[in-house]
Amino acid sequence: MGQFIFKRFWHMCITLFVMTTLMFFMFRLLPGDPTATVISPALYPKAQEALRQQFGLDKPLLEQYFVYMKNLAFFDFGISFHTTRPVSEAIQGRLLNTILLVLPSMIAAYIMGAFVGAMVAWRRGSKFETILVLVATALQSAPVFWLGMLAILYFSIQLDMFPVGHIVSPGMFPEANWDMYFSTDFLHHLALPFIVNALYQFCFPFLLMRSSMLSTIGEDYIELARMKGLRENRILYRHAMRNSLLPLATTLPMILGWAVAGSVVIETVFSWPGLGLLMVEAVGRADYPMVQASFLLIAVLTVVGTFVADMLYGLLDPRIVYN
Amino acid sequence: MIKNPIETILNIDNLSINYKVGDQYAKALNEISFSISKGERIGLVGESGCGKSTLLKTIMGVLPGNADILSGKIELNGKNLLEIDSEARRKTRWADISMITQSALNALNPVQRISDQICEAIKAHKNVTYSEAMARVEELFELVGVAKSRAREYPHQFSGGMRQRAIIAMALALSPQLVLADEPTTALDVIVQDQIFTQLKQLQKEMGFAMILVTHDLSLVVENCLKTIVMYGGQIVEFGPTDDMATNPLHPYTIGLKNAVPVLGSTKNPISIPGTPPNLMLAQKGCLFAARCPLATEKCRNEIPKLNLAADLHYARCHHLPEAQQFAAQADNPEIWEVN
């Protein structure tokens, strides 16, 4: 077990190293000159040169890479070209906003998906099942930004139930004000993107749980449980659902990384000042340090999530042995 | 019909079951009647799809949703199980009638400890604490010959023979009156098979439960059961004392089955019965075995035979019972089976 964790940890390090390197060069291959946004052409050439030196952009690409990697080893993500403040500072606040949106909606979606999926499979062949499977498949195929825009159009504009976007009403400063997260104003802003995201994320666990349940229900041990004279609820929860949850539980940590990455879309639609929106802005400004740091964060989340999923499987299924 | 009212535990009378397949019906069980007494062992033989499993599921009350009980009674100690409510039915399962299933690997939940799986069966019927149930599990493990220290392991940690023993332990957990054994040793090698049967018989002697042994291995029945039921196409085609049936089989199908068993040391090759089991979706016109039967005549194809008493306690569903003995003598000739 210890050996397995050690080996997996090494693999994670290698994966992240390759990711970082790829990202470093990839963003520099993109068209657009970072100096154009940060360093105004109106400045004196000397001042321009001084700024270039300050950001290290005058050095050869390879040397920039080594400096970047060295700093990264000390958790120094550099200084944003745009705000000229440390990247980590900007990301912290934004990440919290993203987590506050993504995590609760994902958890709600998974709990709902597991339960509804299980119930629907347990009473196979109901009309409700047909409709729900159809709706879930359609929702899953529909782009989430389209869903978001429809929701804004109907609930925010037509019914005026929710604000059209942003995290709080104008006048409060998200990064500075902790009280903001405990205000009803915040919850009011959170509601619509939460619902849209939860609804969208619901489809995958729902469909997975349903098919997992359907194959579990056909197993001999379910029939034996019935023959043993167990009560239906016990068969459902302890045998059918418990065993069907295995594939679902292990996708959750992995999906979490993707969900943070996917928050780009939902945050853009709802102008939610999270990591996703930050990434969009940073890419537009060719703000290399910011872009690299936020992409690295997502890579870390995904890689760690996959690792956690592997560990979780061993915990939930006694048949899995690590060596 | 064949019934001893004093010590009968289970009496099945005229049981017929249909499976709904699309908008058609398959006659899975057709007028099944038999009974089993206290401490008795009955063998139930027939090929795949003859209705053996359906019969067991009906007795256990776990028929799938597309099954339809058309007629009949299943009486446990005189109480018809098909008429009681579902909670009362649940309580009879395992406590009165338990089952040793065919595939011990699939029948155990792979992610739960074996002890927990037996405990939950006990706790579903008895108001006992976990440690009391656990003590019973350890007792049962000793009874079936598995070290009790292994009770808390998972199914995948057990060998095939141990799993089957665990299943037997589970089946005996509540000291039932009747145990249904559905091909309990099919997946095991003959040595383990023999050990398990010896043990089962020993346990039966001690605990006094009755047993229905379902198998397609005739030799197992001959060795272990006093009475035998032969099923074909959802019907009982022959019923009687095993000894009598082994030496003097009456139904051509039983004669065929007997010939299909290889005999160690014999130069004779086993003979299979050509053809396939009947299509149960079609309405029955005559004898179900007629299409594969060398003795079949026009009468067999048009008139449904009844289960007739042929010898002492020995019944067979055939129009040609008087010719059985003569036919049995020639049945080891493969050519005689080439019908059509």
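A: A:Phe75 lies in the loop between helix H4 (61-73) and helix H5 (87-122) of chain A; helices are DSSP runs of H or I with at least four residues, strands are runs of E with at least two, and both are numbered from the N terminus. The model is a predicted one, in which local features need pLDDT of at least 70 and side-chain atom pairs count only at pLDDT 80 or more, while totals for chains, interfaces and linings use all residues. Residues are numbered from 1 along each chain as its sequence is written, and chains are lettered from A and ligands numbered from 1 in the order in which they are written.

The phi of A:Phe75 is near 55°, a positive value in a residue other than glycine. As a general rule, most residues other than glycine have a negative phi, and most peptide bonds are trans. A:Phe75 counts as exposed, because it has 7 C-beta neighbours inside 10 Å.

B:Glu31 belongs to strand E2 (residues 24-37) of chain B. With 19 C-beta neighbours inside 10 Å, B:Glu31 is classed as partly exposed.

Chain A holds 12 helices and 0 strands, and its C-alpha trace spans about 85 × 60 × 35 Å along the principal axes. Of the 323 residues in chain A, 32% are buried. Residues 24 or more positions apart supply 73% of the chain A contacts with a separation of 6 or more, a contact being two residues whose C-beta atoms, placed from the backbone, lie within 7 Å.

Helix H1 (residues 2-29) of chain A has 28 residues and reaches 41 Å from its first C-alpha to its last, close to the expected 40 Å. The number of buried residues among the 28 of H1(A) is 0, so this helix lies largely in the open.

Two helix pairs show how chain A packs. Helix H6 (residues 127-141) and helix H8 (residues 184-217) of chain A pack at an angle of about 125°, with their axes 9 Å apart. Axes are lines fitted to C-alpha atoms, for helices over the stretch in contact, and angles run from 0 to 180 degrees between N-to-C directions. H6(A) and H8(A) are therefore oblique to each other; angles under 35 degrees count as roughly parallel, over 145 as roughly antiparallel, 65 to 115 as roughly perpendicular and the rest as oblique. In this contact A:Ala136, A:Leu139 and A:Gln140 of H6(A) meet A:Leu199, A:Tyr200, A:Cys203, A:Phe204, A:Phe206 and A:Leu207 of H8(A). By class, the residues joining H6(A) to H8(A) are 8 nonpolar, 1 polar and no charged; Ala, Val, Leu, Ile, Met, Phe, Trp, Tyr, Cys and Pro count as nonpolar, Asp, Glu, Lys and Arg as charged, and the others, Gly among them, as polar.

In the second pair, helix H7 (residues 144-158) and helix H10 (residues 232-269) of chain A pack at about 25°, their axes 9 Å apart. H7(A) and H10(A) are therefore roughly parallel to each other. A:Val144, A:Phe145, A:Gly148 and A:Met149 of H7(A) make the contact with A:Val265, A:Ile266 and A:Val269 of H10(A). The contact of H7(A) with H10(A) comprises 6 nonpolar, 1 polar and no charged residues.

Finally, the two chains meet in a contact that takes 16 residues from chain A and 22 residues from chain B. On the chain B side, helix H2 (86-92), helix H3 (104-107) and helix H4 (114-123) each supply at least two residues. That side of chain B has 12 nonpolar, 6 polar and 4 charged residues.

Terms used: Expected span 1.5 Å × (residues − 1). Buried ≥ 20, exposed ≤ 12 C-beta atoms within 10 Å, placed from the backbone.
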